[in-house]
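The following note sets out a number of points for a reader who is new to protein structures. Please keep the sequence and the model at hand while working through them.

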Amino acid sequence: MNSKAVLFLVSGLLSTQALHAKVALKYSSGMPVRQAALINEDVSRLSRFQPYKDAEMSTVMELPSPITGAVLENWLGSRVQYVVDENLSIEKKLVMIKKSHKYENPGVIPDAFADMDSAEADPVEKPEKSEKKVMVVMTNMGTAVYIVGKKAGMLLGVDVPGLGKIPMTSPRTGFLQVGEGLFANRSKEDAKLPANDLGKSYARLGTMFHEARHSDGAGKNIGFAHDSCTEGIYKGYKACDRSLNGSYAIGAYSTRALAENCKECTAAQKESLRLDYLDSFSRLVKEWKASPDPKEEELREACESLKKDGIKAPECELLDQHTIAFKAAMKDARPEGKR
Amino acid sequence: MKKGFLILASCAALALVVVLAVRGYVRLYPESHGAQSEESVFRQAEEAHSHPDEDHVLVPPVSGAESAMQDIEKKLTEADFVDLSMEVMDSLPLIGDFKGLTDKDVHLMPEILRNAGLEMGEISQVLHDQPELARQGLDFYRTCFENEEIPEQLRALCFANFRNLHTHIGNRELDWASMVPAKVLGLANQIPKGW
């Protein structure tokens with residue numbers, strides 16, 4: 001009886017500890033020590049975040065008001081768990097954990113992945129693609145692996161040096177890949193500042209919050225995939241969100257909170273962060289016109305190209321009459337599966 | 001009696017956890033097998049610091065604020081500021097500069113825009129440190145937000161700065177909505193008021 005009471009109290013104490021858990025990141029052994037130390041330093045800054053009120057941010061991120069450092073740590077920690085280096089080839093380290101696996105919302109995956117041909121989705125067939133070398137910044141690879149596994153009907157994982165086999169049982173597994181791009185100096189001005197400069201640190205944190213949102217969502221909305229931009233410098237790129245609570249919104253609100261609530265930031269650091277969050281806000285497509293038929297949407301893209309070249313096609317004019325106006329809304333962020 | 005027992009049991013439990021934690025039997029935060037914990041990463045970082053090589057160079061503990069302060073100790077004259085603002089204006093990216101980028105280039109803020117943020121930071125820092133340059137600052141921001149070739153997020157930043165600085169130095173309110181396109185105004189409104 002006495003030992004039971006003690007155990008009960010001990011478990012109570014430990015679970016209280018878990019409620020206030022810090023972001024306990026686990027790194028692959030190939031992760032450069034300098035990068036891991038910087039990420040740990042970035043994340044540790046959240047504990048010093050002073051209570052902050054932003055009703056929109058609270059709604060979008062489902063956070064209490066005022067937003068505290070512990071709340072942000074908890075939000076991030078429940079969506080990001082593993083960080084692996086850019087040299088780790090996820091394709092080569094992909095492992096099958098279970099031949100068949102019961103997924104929530106069986107057979108339902110985001111449209112972008114549903115269109116993938118079977119060879120592309122098959123984790124066994126992995127054709128090498130010759131791609132232009134792009135500097136890796138940060139990518140939520142866990143969600144991608146989860147979706148590929150779900151499409152194939154099996155439980156997939158990644159065999160990570162230093163961490164072992166990590167099964168992707170949910171997008172919430174929180175498996176990020178980071179590269180030198182996250183830390184690289186982009187100009188002479190940038191190089192003058194140390195890597196742990198507050199402005200750089202908060203920009204990296206904003207990126208991590210953005211990627212953390214890709215650990216949310218279910219069914220058609222697993223991972224909150226990005227949508228095409230309809231205007232501005234990113235027009236035509238899949239670099240926008242047509243929802244009010246996607247990754248760009250999360251990045252925008254969190255970076256704004258970090259910047260505007262920062263007492264030690266210089267005017268220069270704040271200004272740079274402001275452009276950062278304005279860029280993210282600019283990617284929220286709040287209204288757009290589209291055809292209810294996806295095939296007509298493909299035609300629309302072709303028409304846009306023709307329009308750019310000054311060519312008028314009667315089919316395109318007809319298409320305009322078929323469009324419906326859409327307004328962005330909040331999407332259900334509840335994730336599938338469990339870590 | 002019961003209450004006393006509970007208090008005693010709580011104290012015993014707390015003491016047990018502390019003793020186990022000190023002896024290393026209990027970890028208050030989970031750590032996976034073979035993974036680098038936060039503690040071990042820092043330990044490795046310290047070791048790397050004592051044996052620096054190209055891959056393990058640690059960042060000197062200089063805060064960004066200190067570093068920026070070193071740069072702005074020198075006061076600028078009006079002419080210096082005009083030169084600086086012209087230099088920054090020339091360096092700002094134009095809409096056409098974003099053509100030919102890949103999806104990956106634009107997933108997060110592209111380099112050319114990030115650089116612009118640093119340049120804008122330089123202007124903002126000078127104007128905060130030298131309020132006497134406010135008039136020249138307003139000229140800079142106006143030229144920026146009126147340029148339709150500049151991307152809207154950058155124009156919005158310039159416009160918000162113009163509005164905040166204009167109000168800060170005691171000028172009367174203007175018809176802000178008539179000065180920029182709705183998209184630029186909407187973005188500028190995301191920046192809090194006040195200089």
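Predicted model: local features only at pLDDT ≥ 70, side-chain atom pairs only at ≥ 80, totals over all residues.

1. R283(A) lies over the face of Y234(A), at 3.8 Å from the ring centre.

2. Chain A contains 14 helices and nine strands. Of its 339 residues, 53% are buried. Among the contacts in chain A between residues at least 6 apart in sequence, 74% join residues at least 24 apart.

3. Which strands make up the sheet with mixed pairing, and in what order do they stand? It is an open sheet of four strands in chain A, with the order β1-β2-β7-β4. Its edge strands are β1 (26-27) and β4 (138-140) of chain A, each of which pairs on one side only. Within the sheet, strand β2 (residues 82-85) and strand β7 (residues 175-178) of chain A pair in the parallel sense over four bridges. Y82(A) stands opposite F175(A), a residue of β7(A).

4. Helix α8 (residues 141-152) of chain A lies across β4 and β7 of chain A and runs at about 30° to β4(A). Helix α10 (residues 198-213) of chain A also lies across β4 and β7 of chain A, running at about 20° to β4(A).

5. Chain A has another open sheet, made of three strands in the order β3-β5-β6, with antiparallel pairing.

6. With β3(A), strand β5(A) pairs in the antiparallel sense over four bridges, and L156(A) in β5(A) is the bridge partner of M96(A). With β6(A), strand β5(A) likewise pairs in the antiparallel sense over four bridges, and V158(A) stands opposite I166(A) in β6(A). β5(A) and β6(A) form a hairpin with three residues between them, and G162(A) in the turn has a positive phi of about 90°. Is β5(A) largely enclosed by the rest of the structure or largely open, and why? Five of its six residues are buried, so β5(A) is largely enclosed by the rest of the structure.

7. Nonpolar side chains tend to be buried together in soluble globular proteins. In this model, the largest nonpolar core has 99 residues, and those touching the most other members are L25(A), I39(A), M57(A), L76(A), M208(A), L92(B) and Y141(B). A second, separate core holds 23 residues, including F113(A), M141(A), Y146(A) and L156(A).

8. How many aromatic pairs does a search of the whole structure find? Over all chains, there are twelve. One of the pairs joins W288(A) and F326(A): the ring centres are 5.6 Å apart and the planes are at 10°, so the pair is stacked. W288(A) lies in strand β8 (residues 287-290) of chain A and F326(A) in strand β9 (residues 324-327) of chain A, so the pair ties together parts that are 38 residues apart in sequence. W288(A) is buried, with a relative accessible area of 14%, whereas F326(A) is partly exposed, with a relative accessible area of 31%.

9. In chain B, F145(B) and F159(B) form an edge-to-face aromatic pair, with 5.1 Å from centre to centre and 80° between the planes. F145(B) lies in helix α7 (residues 134-146) of chain B and F159(B) in helix α8 (residues 152-168) of chain B, so the pair ties together parts that are 14 residues apart in sequence. Both F145(B) and F159(B) are buried. Ring pairs also link these two residues with F162(B) and W176(B) into a cluster.

Note on methods
Residues numbered from 1 in each chain as written. Chains lettered and ligands numbered in written order. Heavy atoms only, no water. Core = buried A, V, L, I, M, F, W, Y, C linked by side-chain atoms within 4.5 Å. Buried < 20%, exposed > 50% of the residue type's maximum accessible area, 1.4 Å probe, protein only. Pairing = 2+ DSSP bridges. Helix = DSSP H or I, 4+ residues; strand = E, 2+ residues; numbered from the N terminus. Phe/Tyr/Trp six-rings, centres within 6.5 Å; stacked < 30°, edge-to-face > 60°. Lys NZ or Arg CZ within 6 Å of the ring centre and 35° of its normal. Contact = heavy atoms within 4.5 Å. Axes fitted to C-alpha atoms, helices over the stretch in contact; angles between N-to-C directions.
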